[in-house]
Amino acid sequence: MRRIWAVTRQTFIEILRMRRTTLFIFILAAVVLGVPQLPRLFNKDVKPQTAALSAGKPGAVQAPQAAQRHHVQTFLVYSVGLAGIILSLLTILAGCKIICEEQARRYVFTPLTKPVPRWQYVIGRWAGLVLFQMLMIAAVGLAVYGTAQVLRLNVKDRAERLQLDNQVFAGRYRSAPNSLDEDLPKVAAKIMQQREQNERLKDLSPEQIAASWDNARLLAREALENVAPFGRLGWRFTELPKPLNDNALVEFHFTAGTGKAAAGTGLKGIFLFSRDPNSEDAGAYFRSDATFLTDRDSSILLPAHMVGSDGRLFVEFLNENPGDPAATFDTTLMFPPEELYIIYPVAPFEPNFLRLLLMMLILQVFLASTTLLAGTWLSFPVATLMCLTIYAIGAMQRFLVEATAIRYKSGFWVYLGHYIYGGLQHIMPNFELIDTSTVLMDSLVVPWTRLAVAGVAFVGVWTVLALTVAAFVFTKRELASVIVE
Amino acid sequence: MIQPSEPYVQTFKVTKVFRDFWRREKVAAVRELDLEVRPNEVLGLLGPNGSGKSTTIKMILGLLYPTRGFIRVFGKRPTDVSIKARIGFLPEESYLYPFLNAWETLDYYGRLFKQPRIQRRQRVEMLLDMVGLTQVAYRRVGEYSKGMQRRIGLAQALINDPDLLILDEPTSGLDPLGTRQVKDLIQQLGRRGKTIVLSSHLLSDVEDVCQRVAILYGGRLRACGEVNDLLSQHGLTQIIAEDLSPAALDKIRAIAAGEGKSVLDISAPRQKLESLFLQIVADAQRERIATGGAVDTGRLAPFLRGEGELEGPQVVEQLLAATNGDGAAAAAQPVAPVRPPVPLDAELLSELTDAAEHGDGRKVLEDRKAAPTKPAKPAPAPAPAADRRIIDSLMKDDQADHA
Ligand SMILES: Nc1ncnc2c1ncn2[C@@H]1O[C@H](COP(=O)(O)OP(=O)(O)O)[C@@H](O)[C@H]1O
Ligand SMILES: [Mg+2]
């Protein structure tokens, strides 16, 4: 243990004294301190009042507008995201350097003729790198948190500050309604039942019946997403966690579209929010007479108590748009389910931010072990390239899934890409688990369970595996016979 | 357990073939080498460049694996970590981390031996003092000259007070002073019963300090045995006297002729360049001329002399002294105590002249031969003019090869 610590300590000093580390620290500082200045430079006409008009008043529909709170959010997303990228590059470059260079330059002969087992040496190297990144992440965390607090205190408007605390300085829970998943098969079945009663299905071939089911599902979906003039449409939210406190604001987000109207056409309707009428704390209703625009994300603020103690919330919408007198468009409204959700604070900001930093650390731990795995048997440039590739594939996971999906018309290269990438994807842990930008974009809460899953995938499985292989390779390796480059 | 008389290192028909990336055989660096390092001996590995000395050493240390044959070190495999605690190694070049300073370097290696803090600190300071780098201990090793790095390399090899010290060309890159020191050090350690393996292509290194030499050429063992046996040349007599007149020389010739022998060569003895240089440096040190490089303290670190390390109150005292302002105190210290100029063997000279007066110079020389503890003195060596035929022929071969 003391030997591992000696190597760890040595590695830490080594990284600290590398010139590239200094460079990266300067870049990090520039990013963290520079990002908050950007909106001021590029978006001069934002005033706190723009958003404050409707802010904080429950029930009013809010149009998406640039406001000070968005700047704070942008700052958080960008500074943490960029810091993550910079630290990852540093891990890869420093990690490959500490393990490759000493083999190439033969510095490694001296420590390895001391009584330190080679596997301990590898672990010590890795631990030194991780220790360094821990301190870097802690520094970045402090700097970002401090800057964010300064930005927050600069928001003088009370309503805007309230919104800021609700939307940015919180860990929020986001939930989609579960109506479609449950209801669609039921409605489709009902349609099919009717068709059967009409005895129209009897003469059909199995393929035609299958097609009929498809058609029924389509109709069901239409019925569940669309609402005709003066028609009603409902959504159910269940298993909602308790809001952070009584002052928490629950945001209900929706986007409504019509068949023909141009985006941005004004619409109106009534949203009715209620708790489960059968539950003991039933009876609270909340009504919003809303005016909103087509195809724009809009939101309604609800008081915290609308989320019942049973974790349920019902929403009903009444389409108040009569048939257009000029008949220029159909006022049947469509609510795409993926853009309909509620979001509200369930956890305080600080512990959530801490968990976010842990997500960053998990990535660095993973990368550190990957660089050691590559560096024990590859030369510096090759090892660096390999690690950068793994990092890039991980970071672009979602994009690559789409890019290499096999579509209707697929050529050789699409198949090749699909299978190569598909294979890699099965080996590598899921990077979405530790993607800070999707978390910060909506100030989402990072549950411990998510951290635990990420920890098992990235550290428990991959890191342990990579370090084991690296230690094995390093132990078996004939170090002095390395003929370099 | 290993018997006391059992060799520390044994190689059995060891062959090392280097291959290239495609596994094609490139060089046979060592071929069928059978070698033994016995306890308490100073063994010289001698051979021209590229004869496989370093390769042999790296195999002994587990940095290379033999292609055929096997090696036992302290009765175990060279890759066994437990034996490393008893070994000190100075690589052919001082592969040291350039970003650490001398102090940190030694401290790091001390840590790898799990040495407790106080012991580590003591040893580091003693070793720095021994290799004469106390004054530059806080400069990065990367800034050091090659010789200074060599000194640190030597210091790190000694940090664990090893039983088996393996030195790969320890004097390469060192100034004559350093060379002298290293040789003295090896001799002192050898006298303390340490086992030392020393590789070199410099005959004088090996000649001065080794009891036994193994001569490698092209990866094969060509000769192996006691130095005296390999070097002594019977049938010649050397007389060193004060300046003699031609008449006196004629008399000597006549005496020789009377015994039926002829005088082969008469010349004025010249001071060896090595001893001259040593004298100049010693003088400079006596005058306390500052140097940014290495200095000779002439001291062996106490723990290497086998003297117990400081304990209890002594430690506290020393620590207190050390905390009196760390680096500043170290820098303010006077240049390390001066070592008296190396005597030009005045003792021997007077003995000789005495003996000459009694007409019995020959006996003194023979006495001298019989006392092999002294040949290391950098005096005009009264040791027999060496028969280096084996070695020289090998060296010549080598040059011819490379030409
Ligand atoms: N890592 C290596 N790869 C290939 N050849 C090597 C390697 N190390 C040494 N050699 C070759 O082995 C031979 C012996 O080298 P070495 O043991 O270093 O000689 P020396 O006696 O000078 O220390 C040389 O011909 C050298 O070129
Ligand atoms: Mg060599």
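Two strands are taken to pair if DSSP finds at least two bridges between them. In this predicted model, that criterion applies to strands S3 and S11 of chain A, which are joined by 2 bridges and run antiparallel. Within this pairing, A:Asn226 stands opposite A:Met334, a residue of S11(A). Strand S11 covers residues 333-334 and belongs to an open sheet of 3 strands with the order S3-S11-S6, in which the pairing is antiparallel. The edges of this sheet are strand S3 (226-227) and strand S6 (257-258) of chain A, each of which pairs on one side only. In general, strands of a sheet pair through backbone hydrogen bonds, in either a parallel or an antiparallel manner.

Chain A also carries a nonpolar surface patch of about 390 Å², made by A:Tyr78, A:Leu82, A:Ile85, A:Leu89 and A:Leu388. The largest share of the patch, 4 residues, is contributed by helix H5 (residues 68-104) of chain A. One of the patch members, A:Ile85, lies in helix H5 and is partly exposed, its relative accessible area being 39%. An α-helix has 3.6 residues a turn, so residues three or four places apart point the same way.

Chain B contains 14 helices and 9 strands. Of its 403 residues, 46% count as buried, and its accessible surface comes to about 20600 Å², with 53% belonging to carbon and sulfur atoms. Among contacts in chain B with a separation of 6 or more, 73% are accounted for by residues 24 or more positions apart.

Helix H2 of chain B (residues 102-112) is largely enclosed by the rest of the structure, because 11 of its 11 residues are buried. The buried residues include B:Trp103, B:Glu104, B:Asp107, B:Tyr108 and B:Arg111. The packing partners of the buried residues of H2(B) come from both chains: helix H1 (2-16), helix H6 (109-112) and helix H7 (118-153) of chain A, together with helix H3 (117-130) and helix H4 (146-157) of chain B. At the N-terminal end, H2(B) is capped by B:Asn101, a side-chain oxygen of which lies 3.1 Å from the backbone nitrogen of B:Trp103. The helix is followed by B:Lys114, whose phi is positive, near 60 degrees.

Helix H4 of chain B, one of the elements against which H2(B) packs, contains B:Met148. This methionine has a relative accessible area of 7% and is therefore buried, the cut-off being under 20%. B:Met148 and B:Ala137 are separated by 11 residues in sequence and by 11 Å in space, C-alpha to C-alpha.

Strand S5 of chain B (residues 87-90) is covered on both faces, with B:Ile87 and B:Phe89 buried on one side and B:Gly88 and B:Leu90 buried on the other. S5(B) is joined by 4 bridges to strand S6 (residues 164-168) of chain B, and the two strands run parallel. In this pairing, B:Ile87 stands opposite B:Leu164 of S6(B).

In strand S1 (residues 9-19) of chain B, the position of B:Thr11 is buried, with 5% relative accessibility. A polar atom of the B:Thr11 side chain lies 3.0 Å from the backbone oxygen of B:Leu33, and a polar atom of that side chain also lies 2.9 Å from the backbone nitrogen of B:Leu35. Leaving aside residues up to four places away in sequence, B:Thr11 touches B:Leu33, B:Asp34, B:Leu35, B:Phe70 and B:Ile71.

Positive phi values were also computed for B:Glu32 and A:Asp295. Most residues other than glycine have a negative phi. B:Glu32, with a phi of about 45 degrees, lies in strand S2 (residues 25-37) of chain B and is partly exposed, its relative accessible area being 47%. For A:Asp295, phi is near 55 degrees; this residue is found in the loop between strand S8 (285-293) and strand S9 (298-303) of chain A. A:Asp295 is likewise partly exposed, with a relative accessible area of 42%.

Methods:
Residues numbered from 1 in each chain as written. Chains lettered and ligands numbered in written order. Predicted model: local features only at pLDDT ≥ 70, side-chain atom pairs only at ≥ 80, totals over all residues. Heavy atoms only, no water. Patch = residues over 30% accessible without salt bridge, like charges linked within 9 Å, V, L, I, M, F, W, Y side chains within 5 Å. Areas by Shrake-Rupley, 256 points an atom, 1.4 Å probe, with all protein chains shown as cover. Salt bridge = Lys/Arg side-chain N within 4 Å of Asp/Glu carboxyl O. Buried < 20%, exposed > 50% of the residue type's maximum accessible area, 1.4 Å probe, protein only. Contact = heavy atoms within 4.5 Å. Polar contact = N/O pair within 3.5 Å; in protein donor to acceptor, adjacent residues only side chain to side chain.
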